[in-house]
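Keep the 3D view open and follow along.

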Amino acid sequence: MQMLFLFNRHGCWRVVSSTFIHLIAACGLVLTALPSALAGVTTTGDVTPQTITFDTDLYVADQADGTLQIDGGSEVRVFYTHVGNAAGATGLISIDGAGSSFKSSFYLYLGVEGTGILQLSGGATSTCTWPSYIGYEAGSTGSISVADPDTLLDFDQLHLGYRGDGSLSVTAGGSVDTFFAFIGDEATATGAATVDGVGSSMTCVRLYTGYHGSGMLDITDGGEVSANVDIGYEEGSTGKLSVSGAGSLLTCTSDIRVGYKGDGTLNISAGGQVITNRDSDLGGWYGGTGTVNVDGTDSTWTSTGDLYVGSQGDGALAITAGGKVFNEEGEIGHGTGTVGQVTVDGTGSTWANSGDLFVGCQGDGTLVISNGGQVNCLNAFIGYGAPASGDVTVEGAGSLLNISGDLQLGRSSSGTLSLINGGRTEVSGATYVGYFDTTPSTLTFDNGTLDTGLLLASAADLHGQGVVNTHGLVSDVDLVFDQSHGPQQQLILNGEPGQNIAINLDQTSAGSLGVGFTGSRTLTIADGRQIESANGYLGYREGGNGAATVDGIGTLWHCYGDLYVGYAGAGSLTISSGGQVIADGLTRVRPSNGSPGSIHFDSGTLDTETLQASPAVLHGQGAINTHGLLTDMSLLFDQTHPAQQQYVLNSEPGQTITINLDHNASGGLGVGMYGSGDLTIRDGVTIHSAFGKVGYAAGSTGTATVTGTDTTWNCANGLAVGLVGVGSLEILDGGRVNCGYLYTWSSDGASTVTVDGADSVLLTGEVRIGGSTDYNSSVTLANGGRLEAYRIRVLPFGLLTGDGAITGYVDNRGRVAPGQSPGTLQIVGNYLGGYGQASEGTLDIELAAKVNDLLEIIGSASLNGTLSVTLYDGFMPSLGQSFTILTASSITGMFVTELLPSLDGGYLDVIYNSDSVVLTVIPEPASLLLLLTGGSLLVRHRPVLV
């Protein structure tokens, strides 16, 4: 055994032999005093070099077994470290005691082809600022143990099992700190790590358990690990991470991916905890398979982000024996072609989603809740997106699916919910069985229960034997509320084979009410009975037919929301003998798809916030009291026709219906709903409405005119000029329209908006003009009319034209045409202000004898698309004549396509300046010699950017 000593050389301690010390003394040199800890650095066996210096490589067990022991506060630092270099050789570095340390400045190899061991204890430290390979070659073995408080392993990159076998044990309060940790790095490698005991910890920026090879990490009995985590990262890899025991904690500082491309498993048991500070993916990428098991009371996985079970690969989550999982949104079967499976089993087992839950989002999803397990979420979608399928089973007494919002069973793909042997689903909002008409979906009972605020379902989609408790019902069941049938009643569904379902209806204002879900059914309210509902639906789906009768003095149907007489199907409402219907929202009769709808009065009354109906679908004798009117007739508001008006409908046979209109800001206003109508506001009056519609349904035509100084129509929300029908809005002679947004288009023809006059103004948040080949619509400014908006979007086949002023950003993807043959259109703002004229946009310019069209932009312009120039009224420009067609504070880009007229003896050259676009007439090449004057020749420069 050879003792090693240290001396200070330029401020650095070096390791030297006792022989070297004696040589220095013999030469009469003075030695620096040596620390007493030098005796703690010893070597045994095959250690090279025998004299360890700071600037050398270290080999422990290069050919045979060797040991380096550091204790007593000694410090050793080398360049490269090789421990267990040869096959069959075993090397050991043991570091013990406070202040004892070993540093490898560069690579550290622990088990190159043989066996390498690194042991830290008693407060010792070991550092490596370059990658460290534990089990470097195939067949090699490397191991690290870190034990006791204040004992620290601080490595830049830790490869546990690079090609061979590598292991790490952190116990009794030891700590590991590394930037990257790879457990099972290459395909041949096997890596294993254990962090055990209170105070034992491992901290990484990124942790891979099973990178290409096989990796395992166990966090037990109070150990803690903090990292961004991947388990089973690359294709062919296998990763397993376990968190077990009270106080054991895995903290994912960002996301966690279990089975990214390989196979990954996360086990949380016996009170272990995992915290994820971002999203969690099980089966993160194509080919990956991720499995998570959360088992036992107090075993918890908490995620501040979303949880994807089957993200792009396949995933499985099992929550058992009281385990708990908390996250925001949950998705089972997220990506196309994926399979996701979740099981929540046992009393106390809980999956709590603070956001929505998707079972079968784009892939196939399965959720099983059994033996007292519970799942909570905001809204639930079972079978959300094609071609996915979703299947949920709630089985056993105490098993619960708890939804605080709505349940959509079969939204865009097939969905199934089965309630078995006491299993229960509670929905605070609405339960939709088959959200869309074409979506296959089933709700199956086998002695289970559904509690819901509202059930919307066809009776044919409810199977088996069970119970539904609901506060609202829209279905194919005849409903009667009269002296003998109150809001609380039981309905038995037994029309399908094997069907015996009791619907316990407690109708309240929280639940909607309707009939004719897919078939033909009736609703009767009579004998003074008063029934409340959220919304009302008569004829819910296409093909459905719902008929309601409200009959008798004191009889009332009060809808606290909207009433649809014909929603997607056919509907009819009869109000007779003093009966009354109140709709606090919109009453819509005959919707835009043309399904038949009608209201029949026989001494009855309808009170509603807004009536949307053609007079032709209102029959009999009765009264309508409304604060808004969307209809097919002439409406006039002026000094002699205020917001409070009375209309008498008597044009239909047997029709005498009085409409008492008390228009206010809570009601809608519009004309041309299903036929033709016109609206005029004039003489300085101001009309307020919640929204406006002009030309609504197919085949309809609506015209609205706002004219005169200070005449104003305020639409708090949006104003649609044309939707499927054709609409026209004229703002004239100082009139004003203020609205949240304005859309103008039509699939029937061309809808138009005109702002005419220096004081006429359209003030809105956003304007959309046109939209596709079917939407040929325009906004025209004339005689100084103004348009003020945050953004004006000229969509394909839309036109913005005129000679007024625009304040706002303009996005031209259709046509912009300044002037009215010709004239100036001014934009105060940026022309597309960061948007510009897009590639599909066109700028139309006319040239005339005295003036030409000009687009004047007080702001910047970004050009693309097409410039189209035409000559007005037979005008023919002369050689040398110039026309400024666009000005701006700055211009970027240019028109890709230039459609220019043919000229006599010359042609138009487009010149792009930094703040303008100019057209100049220059001669054809054959005429150039005629322009030679004073040795000068006019040369065409195209394009020129100044």
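Two strands pair if DSSP finds at least two bridges between them. Strand 82 (residues 842-847) and strand 85 (residues 866-871) meet that cut-off, with six bridges in the parallel sense. Look at Asp-844: its position is opposite Ser-868 in strand 85. Note that the model is a predicted one.

Strand 74 (residues 761-769) is joined to strand 76 (residues 786-794) by eight bridges. In this pairing, Leu-763 stands opposite Glu-788 of strand 76. Strand 76 also runs parallel to strand 78 (residues 805-812), with seven bridges between them. Here Arg-791 faces Tyr-809, which is in strand 78.

Next, the aromatic rings. A pair of rings is described by the distance of the centres and the angle of the planes. The structure holds 37 aromatic pairs. Take Phe-79 and Phe-106. Their ring centres are 5.6 Å apart and their planes stand at 80°. Planes over 60 degrees apart count as edge-to-face, so the pair of Phe-79 and Phe-106 is edge-to-face. Phe-79 lies in the loop between strand 7 (75-78) and strand 8 (81-83). Phe-106 lies in the loop between strand 10 (101-104) and strand 11 (108-110). The pair therefore ties together parts that are 27 residues apart in sequence.

Compare a second pair, Phe-182 and Tyr-211. The centres are 5.0 Å apart and the planes are at 85°, so this pair is also edge-to-face. Phe-182 is in strand 17 (residues 175-183), while Tyr-211 is in the loop between strand 19 (201-209) and strand 20 (214-220). The parts tied together are 29 residues apart in sequence. Both Phe-182 and Tyr-211 are buried.

Phe-79 and Phe-106 also belong to one aromatic cluster. Among its other members are Tyr-80, Tyr-107, Tyr-109 and Trp-130.

Turn to a charged residue. Glu-331 is found in strand 32 (residues 330-332). Which side chain of opposite charge is nearest to Glu-331? It is Arg-411, 12 Å away. A salt bridge needs a side-chain nitrogen within 4 Å of a carboxyl oxygen. Glu-331 has no salt bridge, yet it is buried. Beyond its neighbours within four places in sequence, Glu-331 is in contact with Leu-307, Tyr-308, Val-309, Phe-358 and Cys-361.

Finish at Leu-719, in strand 70 (residues 712-721). Its relative accessible area is 0%, so Leu-719 is buried. Leaving aside neighbours within four places in sequence, its contacts include Gly-692, Val-694, Trp-713, Leu-729 and Tyr-743. The C-alpha atoms of Leu-719 and Gly-740 are separated by 7.6 Å. Along the chain, Leu-719 and Gly-740 are 21 residues apart.

Definitions and conventions:
Residues numbered from 1 in each chain as written. Predicted model: local features only at pLDDT ≥ 70, side-chain atom pairs only at ≥ 80, totals over all residues. Heavy atoms only, no water. Helix = DSSP H or I, 4+ residues; strand = E, 2+ residues; numbered from the N terminus. Buried < 20%, exposed > 50% of the residue type's maximum accessible area, 1.4 Å probe, protein only. Lys, Arg positive; Asp, Glu negative; His and termini not counted. Contact = heavy atoms within 4.5 Å. Phe/Tyr/Trp six-rings, centres within 6.5 Å; stacked < 30°, edge-to-face > 60°.
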